[in-house]
Amino acid sequence: MVCGLAPIDSGQVLWNGTPIQAQRDAFYQELFYLGHANALQESMTVMENLRFRCALAGTALAGEAAQDVLVRFGLKGRQNQLVRHLSQGLKRRVALSRLALSPARLWVLDEPFVAMDEAGVRLLADLIASHLGQGGLAVLTSHQQVDIGAIPAQILELGA
């Protein structure tokens with residue numbers, strides 16, 4: 001519902017005081033959604049996936065930014081590897097590296113810590129904390145408690 005992908009029974013989702021349905025293009029420019037699936041093109045290389053995502057967001061991927069994100073997410077040396085040949089954990093790191101390159105203010109992340117080792121969880125938690133510290137917003141689901149820094153989280157626990 002936050003992303004505008006499911007109907008709302010009552011009420012509305014507002015972005016900057018306006019319903020998202022009334023400003024879809026502007027809202028989607030400010031949104032980065034990452035679901036259970038990594039939304040990667042398996043027949044493309046790691047770098048091609050990063051460039052493609054940046055192009056969709058209307059930005060160019062600078063060489064230095066690409067190298068920085070590859071190093072940061074443990075993907076250095078894999079930029080020319082086809083995504084289909086990566087483990088699930090590395091595929092998740094490619095998906096999350098796209099997040100780090102995104103100019104979007106609102107991140108909606110569905111189980112972003114899935115298939116991540118302890119180092120990956122810490123890396124993502126630090127990335128979210130940095131995004132929040134720069135005035136960004138993050139809405140995420142998780143089955144695990146993760147410390148995302150000094151900014152207090154608002155937690156909603158759903159029961160069965």
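1. Helix α4 is largely enclosed by the rest of the structure, because 11 of its 14 residues are buried. Buried means under 20% relative accessible area, exposed over 50%, and partly exposed in between (1.4 Å probe, protein chains only). Helices (H or I, at least four residues) and strands (E, at least two) are DSSP runs, numbered from the N terminus.

2. A word on the basis. This is a predicted model: local features need pLDDT of at least 70, side-chain atom pairs count only at pLDDT 80 or more, and totals for chains, interfaces and linings use all residues. Residues are numbered from 1 along each chain as its sequence is written, and side-chain values use heavy atoms, with hydrogens and water left out.

3. Back to α4. The helix covers residues 88-101. From first C-alpha to last, α4 reaches 20 Å, close to the 20 Å expected at 1.5 Å a residue. The expected span is 1.5 Å times one less than the number of residues. The buried residues of α4 include Leu-90, Val-94, Ala-95 and Leu-96, and also Lys-91 and Arg-93. What do the buried residues of α4 pack against? They pack against β3, α2 (46-56), α3 (63-72), β4 (106-110) and α5 (118-133). Contact here means heavy atoms within 4.5 Å.

4. Now the salt bridges. The count comes to three. The rule asks for a side-chain nitrogen of Lys or Arg within 4 Å of a carboxyl oxygen of Asp or Glu. Lys-91 bridges to Glu-42, with the closest N and O atoms 3.1 Å apart. This pair links distant parts of the chain: Lys-91 is in helix α4, Glu-42 in the loop between β3 and α2, 49 residues apart. Lys-91 is buried at 8% relative accessibility, while Glu-42 is partly exposed at 32%.

5. Asp-117 lies in the loop between β4 and α5, 24 residues from Arg-93 in helix α4. Arg-93 counts as buried at 13%; Asp-117 is partly exposed at 44%.

6. Another bridge joins Asp-126 and Arg-122 (3.1 Å, N to O). These residues are four apart in helix α5, so about one helical turn separates them. Asp-126 is partly exposed at 39%, and Arg-122 is partly exposed at 37%.

7. Next, the rings. There are two aromatic pairs. Rings of Phe, Tyr and Trp (its six-membered ring) pair if their centres lie within 6.5 Å; planes under 30 degrees apart count as stacked, over 60 as edge-to-face and the rest as tilted. Trp-15 and Phe-27 are edge-to-face, at 5.6 Å centre to centre and 70° between the planes. Trp-15 lies in strand β1 (residues 14-15) and Phe-27 in helix α1 (residues 24-29), so the pair ties together parts 12 residues apart in sequence. Phe-27 and Tyr-28 are tilted, because their planes stand at 55° with centres 5.6 Å apart. Trp-15, Phe-27 and Tyr-28 form one aromatic cluster.

8. Phe-27 is buried at 1%. Tyr-28 is partly exposed at 31%.

9. Check two backbone angles. Phi is near 55° at Ala-39, a positive value in a residue other than glycine. Ala-39 sits in the loop between β3 and α2 and is exposed at 61%. Phi of Glu-111 is also near 55°. Glu-111 is in the loop between β4 and α5 but is buried at 11%.
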